[in-house]
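Keep the structure open while you read.

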Amino acid sequence: MKKLRKLKVHEYLKSKKKPLHFTLIDPEKTNKNEVVKYATLLYDHGTDAILIGGSTGVTERKIDDIIVEIRKRIDIPIILFPGNISGISREADAILFMSLLNSENPYFIIGAQVLGAPIVYEYGIEVLPTAYIIVGYGGAAGYIGHARPIPWDKPEIAVAYALAAYMLGMEYIYFEAGSGSPKIVPPIIVKKTKELLGDQVFIITGGGVNNEEKAKQLVEAGADAIVTGTIVEQDIEKAIRIIKAIKG
Ligand code: 1GP
């Protein structure tokens, strides 16, 4: 039997000084040369991992190519952030093996996972069991994933999802506002979840983090990792400033 919980990336993420910064690469929105350029630059400025994935236009071949290129230049984990089974690549170090808990479509809760699991097993990719919880705006992930986004002003519902995820054995909780969201995940959601579960869960949050202030709010609430995607594509200097703000 293959050991899918090889714990290499897991141990790296757990043992690193928090908070961490993850750079999101969406293969649909970026060409390979650009990706290599900004992944290398953000690596030089202290980003802790690369997430790779997106909701549309993702193929395994595209992801393979990007990972092979960036791996020549950086030595931080490259983690899959799949929107569907086309987002699985044998070149990655680990996968956020996610269930979109507040989807109304069982496909995104367990269907895609059933189709993807044998592939992840065959490739021997390290698995990071992740609850994906979409709040507010939702963006493409919310639309494609048939999510019923949790209202901005109902943080207790998001926290209840996180508790349920923990009780189901998921160690990673990803609170998502949606790529390009006008607002970040309400920091109170992160704060409450951290208060209740502490380091038993690793809280990732992203969506709309486009300045230092927003990043700091999430860090102060207790997020373990902040994801930035859109700002990296739009304004790399700003992305660097966000990393600095996160790292203090
Ligand atoms: C989306 O949380 C990520 O899945 C990142 O969002 O593109 O808004 O940074 P942004």
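## Starting from T228

T228 sits in strand β8 (residues 225-228); helices (H or I, at least four residues) and strands (E, at least two) are DSSP runs, numbered from the N terminus. This is a predicted model, where local features need pLDDT of at least 70 and side-chain atom pairs count only at pLDDT 80 or more, while totals for chains, interfaces and linings use all residues. Residues are numbered from 1 along each chain as its sequence is written, and side-chain values use heavy atoms, with hydrogens and water left out.

Is T228 buried or exposed? T228 counts as buried, at 1% relative accessibility (buried is under 20% relative accessible area, exposed over 50%, partly exposed in between, with a 1.4 Å probe and protein chains only). Its side chain makes a polar contact with the side chain of H21, at 2.8 Å (a pair of N or O atoms within 3.5 Å; within protein, one must be able to donate a hydrogen and the other to accept it, and residues adjacent in sequence count only if both atoms are side-chain atoms). Setting aside neighbours within four places in sequence, T228 is in contact with H21, F22, T23, L24, V209 and I242 (heavy atoms within 4.5 Å).

## The barrel

Eight strands form a closed barrel, in the order β1-β2-β3-β4-β5-β6-β7-β8, with parallel pairing (strands pair if DSSP finds at least two bridges between them). From one strand to the next, the twist averages 30 degrees. β3 and β4 pair in the parallel sense over two bridges, and I79 has A94 in β4 as its bridge partner.

## Helix α1 and its cover

V9, H10 and L13 are buried in helix α1 (residues 8-15). Looking down the axis of α1, the buried residues fall within an arc of 105 degrees, so they line one face of the helix (the arc is that of the directions from the helix axis to the C-beta atoms). The face turned away from that buried side carries the exposed residues K8 and S15.

| Strand | Residues |
|---|---|
| β1 | 20-25 |
| β3 | 78-80 |
| β4 | 94-100 |
| β5 | 126-134 |
| β6 | 172-176 |
| β7 | 202-206 |

The largest nonpolar core has 58 residues, of which I25, I70, L80 and F175 touch the most other members (a core is a set of buried Ala, Val, Leu, Ile, Met, Phe, Trp, Tyr and Cys residues joined through side-chain atoms within 4.5 Å). Apart from it lies another core, of 25 residues, including F22, M98, L100 and I204.

Note on methods: Axes fitted to C-alpha atoms, helices over the stretch in contact; angles between N-to-C directions.
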